[in-house]
Amino acid sequence: MAFVWIVQSTGDLHFPVRICIEQDGTIVFSVRAQEAWPGSKGNVFCIRDESSHDEVDLFDELERVPVLHFDRFGKSLQIILDRPTRKRCEFLILQKRYKNRPGTYDQIFFKTQTAQKAHKSRSKVSLYPVSGPLTVVIDSAERYPWRFPKANVERRKLPAGDYALVEAETILAIVERKTFDNLVSDFDRIRIIHQSLQELATLPHPAVVIEAYYGDFMNTKKLDGRYPASHGYRVLSELQAIHPTLPFIFAGTRKEANLWTYGYFRAVSRLHFQQQESLDNTLTAEPVVPYVSSMHLENRILQVLRDTPGGLTAKEMQDFCPDADTTLIKRILLLLKKRELITASREGSRNRWYIDPSNLLGSESSKSRR
C-alpha cells in the first residue's frame with residue numbers, strides 16, 4: 001500500500017525533471033516538469049510523462065521520499081511527503097479544448113508549498129454547494145429528535161448512533177447525540193459506552209455531539225453531588241484518549257447541537273459528491289484510492305481484502321496493519337461481518353475473511369446507476 005515520491009533528471013532542456021509517484025513498483029502518476037522543486041517559480045508547468053522503461057533507466061535519480069498522504073480532491077492531487085520541510089504540494093490538472101481541432105488535452109501545474117501559501121482563493125471554502133435535499137435517517141428509538149427542515153427525513157433502526165446521512169442506502173456520516181444527563185448517566189456504564197463508541201467509530205464520518213458545554217461536567221452545581229468535578233474531567237479525557245478518531249463536539253445547547261449536525265451533514269454530502277465527480281476525470285494512470293499512512297483501520301482492512309481475493313486470516317491481516325493489535329483487528333472484522341460487508345470461512349481453528357461477493361456486486365451496480 002505504500003506510496004513513494006521519485007524525482008529524476010531527464011537531460012531534456014525544456015522539461016528537465018520527471019516526477020513520479022509509485023505504489024509497490026506500479027506507476028500511479030508521472031509528469032515531466034519545467035523545474036525541480038523548490039525552483040524559482042511557485043507554479044511549475046508540467047506535461048504527461050510518456051517515457052519508456054528503457055528511457056527511464058537512463059535518468060538520474062535526484063530524490064526518493066515516502067508519501068504520507070496522497071488523495072484526489074476535485075481537479076487536484078494533494079500530496080504530503082515524509083520529510084521535515086517542503087513536504088506539501090499539489091498538482092492542478094485542468095482539461096482544455098483544442099482551439100483548432102476537436103478534443104481536449106491536460107494542462108498540468110505543479111503547485112509547491114510556497115505557491116499554496118501565496119495563493120488567495122476567491123472562494124472562502126473548499127466544498128461547493130450541491131443541488132437536491134439531504135436524506136437523514138433518525139434512529140427509531142430517538143425521542144424528541146432534532147429537526148432537519150430541508151432534508152428528506154426517515155425513521156428506522158440504525159446500526160449505531162442516532163442520526164445518519166445516507167445516499168442510496170449507504171451511510172455517509174453518523175452522529176451520536178448526548179444530553180448532559182445522558183452522558184453523566186453513562187459514567188456509571190463506562191465499559192458499555194466504550195463499546196458503543198468503538199462501534200460508532202467504525203462507520204464513515206462519525207461524531208459525538210453533546211448538548212452541553214465542556215465546563216458543565218466540572219460544575220459541581222450541575223453535577224448535583226452525583227460525581228466530583230475531577231471524575232467528570234477524567235472520564236471525558238479517557239473517552240477522547242481511547243477513541244482518538246472520534247470527534248467529541250461540546251455544542252452547548254440543543255439548538256446549537258442540531259445546527260452543528262445539520263451543517264456537518266451538508267459538508268459531508270458536498271465532499272461525497274465532489275469526490276464522485278473527481279472519479280469522472282482521469283487524473284492518474286490508475287484510479288486513486290485516498291491514502292493516508294494512518295488510515296482508519298476499518299478502511300484499511302476493507303481495502304486489503306478487496307486487493308486479496310483469496311482472503312486473509314486475522315493474523316495475516318496484521319502484516320498489513322502492523323500498528324494495530326490482533327484483538328482490535330478481530331473486533332473490526334466482526335463488526336464488518338455484522339454489517340454484511342465481509343464474510344468468513346472456517347479453516348481449522350481460524351477464520352479466513354473475504355469481501356462479501358454479493359455486497360461487492362451491489363456496490364458496483366449502485367455506482368453504475370449513479
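## Close-up views of a predicted model

View 1. Ile342 stands opposite Ile355 in strand S18. S18 covers residues 350–355 and pairs with S17 over 6 bridges, in the antiparallel sense. Strands are DSSP runs (E, at least two residues), numbered from the N terminus. Two strands pair if DSSP finds at least two bridges between them. The open sheet has 3 strands in the order S16-S18-S17, with antiparallel pairing. Its edge strands are S16 (312–313) and S17 (342–347), and each pairs on one side only.

This is a predicted model: local features need pLDDT of at least 70, side-chain atom pairs count only at pLDDT 80 or more, and totals for chains, interfaces and linings use all residues. Residues are numbered from 1 along each chain as its sequence is written, and side-chain values use heavy atoms, leaving out hydrogens and water.

**View 2. Helix H4 against helix H6.** The axes of H4 (residues 190–201) and H6 (residues 229–242) come within 11 Å and cross at roughly 35°. Axes are lines fitted to C-alpha atoms over the stretch in contact, with angles from 0 to 180 degrees between N-to-C directions. Helices are DSSP runs too (H or I, at least four residues). Ile190, Ile193, His194 and Leu197 in H4 meet Val235, Glu238, Leu239 and Ile242 in H6. Contact means heavy atoms within 4.5 Å.

**View 3. Two cysteines.** Cys20 counts as buried because its relative accessibility is 0%. Cys46 is also buried, at 0%. Buried means under 20% relative accessible area (1.4 Å probe, protein chains only). The structure holds 0 disulfides, a disulfide being a pair of cysteine sulfur atoms within 2.5 Å.

How values were computed: Buried means under 20% relative accessible area, exposed over 50%, partly exposed in between (1.4 Å probe, protein chains only).
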